[in-house]
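User: I would like to learn how to read a model of this kind. Please take me through it feature by feature.

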Amino acid sequence: MGDNYRNDPGSFRDPLSHVVIQDDRVFRLFNATGEDDRAFAWPFITAQSARGRVVESELVEGIHTDAAGMVEHPRLDLITYAFEWSFSMLKDAALLQLQLIRDAAHAGVGVKDATPYNVQFQGSRPLFIDIGSFQKRSETDPWFGYQQFCELFLYPLMLRAYAEVPFQSILRGSINGISVEDARGLLGPARAKRQKGRLTHVVLHALAQRKLSDADSGVADDVAESGMSTELMLATVEKMIKLVEGLDIGVDTSLWSDYSDRSHYDDEGLREKADFVDAALAASGSIGHCWDVGCNDGMFSRIAAKHADRVLAMDADELVVDRLYHELRSDPSQIAERITPLVVDLSTAGGGIGWRGRERPGLFDRSSPDAVIYLAVIHHLALTFNIPVTQQLDLLADLTSNLVIEFPSENDPMVKKLLRNKRAGIHDDYTLDNFERWLGERFDVTDRRVLAGGTRTIYHATRR
Ligand SMILES: C[S@@+](CC[C@H](N)C(=O)[O-])C[C@H]1O[C@@H](n2cnc3c(N)ncnc32)[C@H](O)[C@@H]1O
């Protein structure tokens with residue numbers, strides 16, 4: 001390869017293959033053993049790509065490398081991680097992983113791991129991206145990825161379904177997921193809900209792991225000796241599929257789950273707001289990524305998707321994102337295909353995780369939005385999370401040159417409500433005048449409208 005290539009910072013844990021980015025092209029390079037596995041699994045890989053489950057791959061020859069084999073993949077336009085997914089997104093990614101393990105075993109192919117980092121969402125459709133996971137398989141091979149599947153898929157899902165604890169911040173804090181010992185503590189027996197699968201995959205798994213850590217032989221030898229067969233392994237995977245299919249997010253209301261009626265806007269105000277966003281983005285020329293921060297039910301993400309190739313519909317409230325995901329999955333329109341829903345709390349978003357903090361870069365380093373819509377969210381970050389308006393505008397000016405922003409003034413009923421429980425005076429600088437001055441220091445305002453009702457103003461602004 002030429003000089004202008006770089007190793008993907010998140011692709012080094014598998015000694016048999018790794019990803020290299022050259023300009024806008026993505027290659028996976030295999031060493032001799034990896035290439036052997038790839039060639040063996042190739043008919044399975046290409047068949048799964050044709051079904052839209054596995055990323056497309058093309059064999060590449062003639063580019064000089066030390067690798068024994070090489071394939072090229074299409075470059076994905078967005079990389080997201082499990083800690084940004086809602087419950088149903090992680091569940092669908094888990095089911096894709098399990099279906100691939102099952103179908104691979106039927107084809108005599110093994111799967112070496114089971115991690116959501118091998119799955120990416122295209123719009124709201126999960127796609128498996130690591131063809132280096134597929135390898136030769138012997139009849140007596142156990143399910144090698146079982147423990148990893150539990151740590152990164154099953155326990156986070158169980159935690160949400162059985163204990164009503166969201167998994168996102170835990171997965172963000174631990175690239176390896178939730179250990180079986182931690183799962184045992186988190187899903188303690190005192191819980192009222194019946195916890196299907198807990199005995200087998202948490203309690204007995206923990207006991208087995210303790211026993212194994214004292215043993216001299218490896219897992220594969222032990223399992224082979226105890227009579228593992230493809231049928232037995234497949235039966236375990238089938239049971240896991242049923243268990244995961246039966247898991248449910250477990251809650252049906254949240255702070256923001258009833259927002260869709262937008263009752264604090266009258267019809268005219270809401271129509272003005274929608275028209276303004278539509279016209280501002282239509283006037284913006286070509287938009288690659290557009291972020292809709294605080295998207296709620298995605299009403300404005302859908303408008304943005306008329307004008308952008310990809311809309312990242314972000315909200316801190318997992319339930320609203322989960323609902324949006326379900327709606328998008330069952331909507332075959334092109335508009336829906338362009339929207340990827342994400343659980344993102346902007347007040348804590350940003351940092352990378354894993355090895356040297358670079359293995360899984362932060363959101364700001366994975367997507368650089370050509371446009372941001374920031375509607376009826378600034379007051380929540382300012383008055384609930386104490387992120388000053390100036391700091392929010394600094395972030396927005398760093399992020400994008402094209403901003404559509406709505407500011408509810410100090411006279412807005414919602415702003416007054418948020419201030420009611422605050423110490424008097426501490427947010428006195430939250431005023432429309434200050435906002436307009438601070439916005440003007442960073443952006444040129446190209447359009448502005450006071451919405452019917454009179455307390456909310458919407459702006460289209462381009463960075464200076
Ligand atoms: C008033 S609603 C606005 C919804 C939509 N943007 C609109 O204009 O119709 C505010 C939304 O912001 C979300 N939100 C609040 N704080 C947030 C944060 N720190 N990061 C991301 N979203 C947040 C809430 O969950 C809620 O869905």
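User: How do the residues of the shell around the ligand divide into nonpolar, polar and charged?

Analyst: First, the ground rules. This is a predicted model, in which local features need pLDDT of at least 70 and side-chain atom pairs count only at pLDDT 80 or more, while totals for chains, interfaces and linings use all residues. Residues are numbered from 1 along each chain as its sequence is written. As to classes, Ala, Val, Leu, Ile, Met, Phe, Trp, Tyr, Cys and Pro count as nonpolar, Asp, Glu, Lys and Arg as charged, and the others, Gly among them, as polar. Here the shell has 16 nonpolar, four polar and four charged residues.

User: Which residues come nearest to the ligand, and which elements give two or more residues to the shell?

Analyst: A residue is near a molecule if its C-beta atom, placed from the backbone, lies within 6 Å of it. Of the 24 residues around the ligand, the nearest are Gly294, Asn296, Ala316, Asp317 and Leu375. Two or more shell residues come from each of α10 (299–304), β11 (308–315) and α14 (378–383). Such elements are DSSP runs, helices being H or I of at least four residues and strands E of at least two, numbered from the N terminus.

User: How many helices and strands are there, and how is the protein divided into domains?

Analyst: The protein has 17 helices and 16 strands. Its radius of gyration, taken over C-alpha atoms, is 25 Å, close to the 23 Å of the globule rule (2.2 Å times the number of residues to the power 0.38) for 464 residues, so the protein is as compact as a globular protein of that length. Domain bounds come from an automatic or database domain assignment, which gives domain 1 (5–73), domain 2 (82–245) and domain 3 (259–463). Between domain 1 and domain 3, the C-alpha centres are 38 Å apart.

User: What span should helix α11 have, and what do its buried residues pack against?

Analyst: The expected span of a helix is 1.5 Å times one less than its number of residues. For the twelve residues of α11 (residues 318–329) this gives 16 Å, and the end C-alpha atoms are 16 Å apart, which agrees. Nine of the twelve residues are buried, including Glu318, Asp322 and Arg323. The buried residues pack against α2, α4 (168–173), β11, α12 (334–337) and β12 (339–343).

User: Where do Arg356 and Asn386 lie, and what phi does each take?

Analyst: Most residues other than glycine have a negative phi. Arg356, in the loop between β12 and α13 (363–366), has a positive phi of about 55° although it is not a glycine. Asn386 also has a positive phi of about 55°, and lies in the loop between α14 and α15 (389–399). Arg356 is exposed, with 7 other C-beta atoms within 10 Å. Asn386 has 12 C-beta neighbours inside 10 Å, so it counts as exposed.

Conventions:
Buried ≥ 20, exposed ≤ 12 C-beta atoms within 10 Å, placed from the backbone. Contact = placed C-beta atoms within 7 Å.
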